[in-house]
Amino acid sequence: MKISADEVAHVARLARLDLSRDMTEMLTGQMNDILTYMDKFAELDTSGVQPTTHALQLTGAMREDETSPSLERGKALANAPQSNGESFIVPKVI
């Protein structure tokens with residue numbers, strides 16, 4: 001086993017989670033399955049694989065900043081529950 005039930009219970013206490021014994025055992029099994037699966041990845045030869053920053057080869061994710069006209073004040077305030085013609089009126093919080 002990669003992780004013990006005591007370790008799962010310890011992490012649950014740190015996270016202030018109140019786990020039952022059954023839940024602790026279930027999570028221990030699931031975490032061990034995940035860690036065992038990760039060991040399979042460690043067996044792969046990745047020496048010829050280029051490191052990537054994203055799973056998909058996306059280009060143009062960051063566009064150039066361009067100025068464009070803003071929404072007209074009248075249109076922005078058209079559906080406001082309350083406005084004074086220049087801005088939204090909201091309830092006072094403090």
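Predicted model: local features only at pLDDT ≥ 70, side-chain atom pairs only at ≥ 80, totals over all residues.
**Helix packing**

I looked up how helix H1 (residues 5-14) sits against helix H2 (residues 21-42). Their axes come within 9 Å and cross at roughly 110 degrees. Angles of 65 to 115 degrees count as roughly perpendicular, so I recorded H1 and H2 as roughly perpendicular to each other.

I then listed the residues in contact. From H1 I noted Ala5, Val8 and Ala9, which meet Thr24, Leu27, Thr28 and Met31 of H2. Sorted by class, this contact has 5 nonpolar and 2 polar residues, with no charged residues.

**Aromatic pair**

I searched the whole structure for aromatic pairs and found 1. Tyrosine 37 and phenylalanine 41 form this pair, with 5.2 Å centre to centre and 80 degrees between the planes. The arrangement is edge-to-face, because planes over 60 degrees apart count as such. Both residues lie in helix H2, 4 residues apart, which is about one turn of the helix.

Lysine 2 belongs to the segment before H1 and aspartate 39 to helix H2, so the pair ties together parts that are 37 residues apart in sequence.

Are the two partners buried or partly exposed? Lysine 2 is partly exposed, at a relative accessible area of 47%. Aspartate 39 also counts as partly exposed, at 33% relative accessibility.

Definitions and conventions:
Residues numbered from 1 in each chain as written. Heavy atoms only, no water. Axes fitted to C-alpha atoms, helices over the stretch in contact; angles between N-to-C directions. Helix = DSSP H or I, 4+ residues; strand = E, 2+ residues; numbered from the N terminus. Parallel < 35°, antiparallel > 145°, perpendicular 65-115°, else oblique. Contact = heavy atoms within 4.5 Å. Nonpolar A, V, L, I, M, F, W, Y, C, P; charged D, E, K, R; others polar. Phe/Tyr/Trp six-rings, centres within 6.5 Å; stacked < 30°, edge-to-face > 60°. Buried < 20%, exposed > 50% of the residue type's maximum accessible area, 1.4 Å probe, protein only.
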